[in-house]
Amino acid sequence: MVVCEQCERRCRINEGDAGYCRMYLNRTGTLEQALPNMISALMIQRIEGLPVFHFYPGSRTLSFSTTGCNFDCRYCSTAFISRVDPAEVVMHELSPDMLVNKALLAGCHSISFTTNEPTVSLSYLLKLADAAHQKGLHVGCLTNGYQTPAAAEALAGKMDFMNVSLKGSTDGFYRDYVGVDNISPVLRNLEYYSSHVHLEITTPVITDINDDQIREIAFIINKINRQIPWHVFRLLPEYKMSDREYPDIRDLSEKLEEARAAVDYIYFGNFPGSEWVSTYCPTCRTRLIERVGLGGCGVKPVNFADKNGLCPGCDVNMPLTGNCVDYSSAEIEEEKTCQVKSE
Amino acid sequence: MSGEVGIIDAREWQTAVDMRSGCTLDGIRPQWRQISEVIDKYPYPGDLSEEGNQWVVDVSIEVVRLFNPSLVFLLFANQTFRALFGGIDERTMAAESDRVAECIEKFVFNTGYEPFVIGTGGFCKLKGFMNLMSTDGLALGGGIPGGHIGIFSPSDKDLDTLRSDLRVVRLVSRDEFRSQFGGNDSFYQRFPDYYMELEDGYAARSVYGLPRNPDRSFKLPWEIPVSTHLKGIDNLTDIRPRIEGAINQGRKIAVILVEGWSLENMPLDCEPCNNHESWLRHGLKTQCHSIFTGKSFTECPYPPIFKCYDEDNIYPFSFDYSEPEYDTLGQTAGDLSVAIGNRSIIPHSLFGADITIECFARCVQNFGNMAVIKGRGLELLS
Ligand SMILES: [Zn+2]
């Protein structure tokens, strides 16, 4: 029997078995990664589409996914990758070096692990980060934040940016809708990440399930750091909850307007035409970055008041890692100005 | 404001945008209200819902009643999403194909338009995936399996490997392609270093390959079925002049594109029409270009496959397309054209109708509806 120390499930895996996520195995008495160096999809997109809004805005990222998840969210929007038997997903071998080469060929500024949970393929992501940093590319991920402290430290040590999903505000919510015992590991890791890596937070909202927790979630973020960008994601009713109503945009907008008292940078997206995807100065309400919400994770920045995030209205800087960059700047041969984590 | 307005309906919430910049306009003008009411009244049931085609019919009957256009374009695409991702068997597919014919009948019965029906081609069993992720160069495949693949910066090893792969039926360089087909400069500026086609039934896994596993693949046919009273339709480029001629005679025509219908399974009387130029068999995009402009696909600014992510300038809601085509059937024939389709982006980008209503779906997720008004549509509603 081995204990998997990657996430707080801490699965005890008997010989011949796999952990909850089915991506860690015990075949011969040691913990082994299933499907090593195998990925399920590649896509080129704006970093805003992840969503990540305050890290080199406007830049281009190569996002990739593997398969599997350590959560079981009843409203999962990527169940076809995350909640199926990994053996059923069509996967292809791509070493970290080859993935980095793809990103360079595609004129990307960064590589992002998206769609499924990176904790289930942690060793690949860490090796990829080393390979990418050697070539001057940033690496980031979207995660549910349920890592063990050791895994969180390893991850934060290599990631240049992270977006952690804070799905609710209570143990009860995490128990009933996510399938884990309590929220506390996520809160602990958020606290840790906030001081070790560029951090943004996403909350998927679904009607009558967690829309009443907006105020509490804003309060949690406020306690960590009110300047962390917070993305409220209008989740389309899917998977085991496909009979639900679409979240009401007006109603949520009102709740988020109130939450501005606690969090400085609130975004509300995943519907086309959203006006909540632009960045406004929390002090004087000057629009600092104008973005267009395209639906389906598409967000396009169209105007920057200042490339370095300085508010022309009140001379205060928005919290920004890196400066605004031209989406196609890595297409042309020019010296990279990105500062990447050293190994 | 540019010459194109979009109205988005995300369910119980609407906004108007400038299609060129993507930026929000100050509200939906009262003149556009008829259109905003239609997209509110008919929420799109979703790509995987079996009611997807009924939505096209309901919306189109309402729009025809409101605007009485000379020309209507309909696109029925529900079969594609259901066949590829809906987990349905052959018997269900055949039954749903018959229901499309009923949808067309209902539209014709309620509006009196003369149908010009084009089957865009059928599906085939998925034989397998071809891994193009691990090439040294960058391979781009369309989001949906079948069709055209672009290879950028391939190594000699890549080319040797691909040439010896029996699943690859064609691999030609940009220069070879140009000497064969000719065409305009912007087409070739976007053209990949190598253009590739796989044998029908194989799907490429590359950048933009869908992570969802499809159950079937598109088949690229040499000929497609056309059902019409108009004579002399041998090639796709014959369609525009014939329809313009009929409209000039005062006839009211509905050009109806049905995905999944081929010469083998179209349940209407039909004739074959070439779906190729030389050895290139059209997929939906180049088909639409040829039909709606009446010109060779190489006169279009867009090759069958290109690095669409390089285009960061304008028309963000049109995804691949940042240069709208104005010399199209929809912009020149009769006095007003409308388009209704349940595949996103293609109707408003390629049909060129004055008023378009389409679903707003991405990766089979249903975000709502979108209407696009331009040209004579904006004049009418000013
Ligand atoms: Zn300010």
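**A buried helix and an A–B interface**

In helix α2 of chain B, the buried residues are Gly52(B), Asn53(B), Trp55(B), Val56(B), Val57(B), Val59(B), Ser60(B), Ile61(B), Glu62(B), Val63(B), Val64(B) and Phe67(B). The model is predicted. Buried here means under 20% relative accessible area. By that cut-off, 12 of the 16 residues of α2(B) are buried, so the helix is largely enclosed by the rest of the structure.

The helix covers residues 52-67 of chain B. From first C-alpha to last it reaches 23 Å, close to the 22 Å expected at 1.5 Å a residue. Asn68(B) follows α2(B). Its phi is positive, near 45°.

Now turn to the interface. Here 45 residues of chain A are in contact with 40 residues of chain B. The size of an interface is often given as the accessible area lost when the parts come together. Between chain A and chain B, about 3,700 Å² is buried. Carbon and sulfur atoms give 60% of that area. On the chain A side, His92(A), Tyr246(A) and Pro272(A) lose the most area to chain B. Together they account for 15% of what that side buries.

Which elements of chain A give two or more residues to the side that touches chain B? They are the strands β7 (41-46), β9 (92-93), β17 (287-295) and β18 (298-304), and the helices α1 (79-82), α2 (96-105) and α8 (249-259). By class, this side of chain A has 22 nonpolar, 11 polar and 12 charged residues.

Charged residues are present on that side, yet the count of salt bridges between chain A and chain B is zero. Polar contacts do cross the interface: 10 residue pairs, both at pLDDT 80 or more.

Key:
Residues numbered from 1 in each chain as written. Chains lettered and ligands numbered in written order. Predicted model: local features only at pLDDT ≥ 70, side-chain atom pairs only at ≥ 80, totals over all residues. Heavy atoms only, no water. Contact = heavy atoms within 4.5 Å. Buried area = accessible area lost by both parts, 1.4 Å probe. Salt bridge = Lys/Arg side-chain N within 4 Å of Asp/Glu carboxyl O. Polar contact = N/O pair within 3.5 Å; in protein donor to acceptor, adjacent residues only side chain to side chain. Helix = DSSP H or I, 4+ residues; strand = E, 2+ residues; numbered from the N terminus. Nonpolar A, V, L, I, M, F, W, Y, C, P; charged D, E, K, R; others polar. Expected span 1.5 Å × (residues − 1). Buried < 20%, exposed > 50% of the residue type's maximum accessible area, 1.4 Å probe, protein only.
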